[in-house]
Amino acid sequence: MAEPFTGDRIILKDLGFYGYHGVFAEEAKLGQRFFIDLELGTDLAAAASSDRLSAGISYSDIYDVVKSTFETRRMKLLEAVAQNIVDGIFDEFEAVSWVIIRLRKPEAPIAMVRGEAAIELHRQRKTP
């Protein structure tokens, strides 16, 4: 892939989780909803031409890694939660060359009538 964040990608949107991430004690105690959007850069040519799951990456396996990473360790910052998920994806799926992750927190403890707080990370696999 010549340019980062281009080419084939797997997209998972609106993955919903209940978690206890946040700065405030109430967030750790009560928890709240979070939503995750992902784009994973990987070559999909073999899966597209063969129609075999074994030639690609299972969306279910990606979801399992995201869920496990999201639920394993409580973090204060959305940025840290998202980075842990990215690290888990890179650890589990060697064929993924880059990840764009958006982590949304619709009930962030700020005075907003409508909307959500969110962050987005763009990460490339580090080459040794």
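**Notebook: buried pairs, salt bridges and a helix crossing**

**Entry 1. A starting pair.** I looked up Asp37 and Arg104 and found that both are buried. The model I am reading is a predicted one. The side chains of Asp37 and Arg104 form a salt bridge, with N and O 2.7 Å apart. I then located the two partners: Asp37 belongs to strand 2 (residues 32–41) and Arg104 to strand 3, and the pair links distant parts of the chain, 67 residues apart.

**Entry 2. The chain as a whole.** The protein chain has four helices and four strands. Along the sequence their pattern reads β-α-β-α-α-α-β-β. The C-alpha trace spans about 50 × 30 × 25 Å along its principal axes. I also noted how much of the chain is covered: of its 128 residues, 37% count as buried.

**Entry 3. Lys105.** Where is Lys105 found? I found Lys105 in strand 3, a strand that covers residues 98–105. The relative accessible area of Lys105 is 8%. The cut-off for buried is under 20%, so Lys105 is classed as buried. I also checked a residue from another part of the sequence: Ile36 is 69 residues away from Lys105 along the chain, while their C-alpha atoms are 9.1 Å apart in space.

**Entry 4. The partner of Lys105.** I looked for a charged partner and found Glu27; its salt bridge with Lys105 has the closest N and O atoms 2.6 Å apart.

**Entry 5. Glu120 and Arg102.** I turned to another salt bridge, in which the side chains of Glu120 and Arg102 meet at 2.3 Å, N to O. Because Glu120 lies in strand 4 (residues 117–124) and Arg102 in strand 3, the pair ties together parts 18 residues apart in sequence. Are these two residues buried or partly exposed? Glu120 has a relative accessibility of 34% and therefore counts as partly exposed. Arg102, with a relative accessible area of 33%, is also partly exposed.

**Entry 6. The network.** I counted the salt bridges in the model, and the total is eight. Which residues are linked in a network of salt bridges? The network consists of Asp14, Asp37, Arg102, Arg104, Glu116 and Glu120.

**Entry 7. Helix 3 and helix 4.** Two packed helices are described by the angle and the distance between their axes. I applied this to helix 3 (residues 59–72) and helix 4 (residues 78–92), whose axes come within 9 Å and cross at roughly 140°. That angle makes helix 3 oblique to helix 4. An angle would have to be over 145 degrees to count as roughly antiparallel. I recorded the crossing of helix 3 and helix 4 as right-handed.

**Entry 8. A nonpolar patch.** Finally, I examined the surface. Which residues make a nonpolar surface patch of about 290 Å²? The patch is made by Val23, Phe24 and Leu77. Val23 sits in the loop between strand 1 (9–19) and helix 1 (25–30). Its relative accessibility is 52%, so Val23 counts as exposed.

Terms used
Residues numbered from 1 in each chain as written. Predicted model: local features only at pLDDT ≥ 70, side-chain atom pairs only at ≥ 80, totals over all residues. Heavy atoms only, no water. Patch = residues over 30% accessible without salt bridge, like charges linked within 9 Å, V, L, I, M, F, W, Y side chains within 5 Å. Areas by Shrake-Rupley, 256 points an atom, 1.4 Å probe, with all protein chains shown as cover. Salt bridge = Lys/Arg side-chain N within 4 Å of Asp/Glu carboxyl O. Helix = DSSP H or I, 4+ residues; strand = E, 2+ residues; numbered from the N terminus. Buried < 20%, exposed > 50% of the residue type's maximum accessible area, 1.4 Å probe, protein only. Axes fitted to C-alpha atoms, helices over the stretch in contact; angles between N-to-C directions. Parallel < 35°, antiparallel > 145°, perpendicular 65-115°, else oblique. Left-handed = near helix turned anticlockwise from the far one by under 90°.
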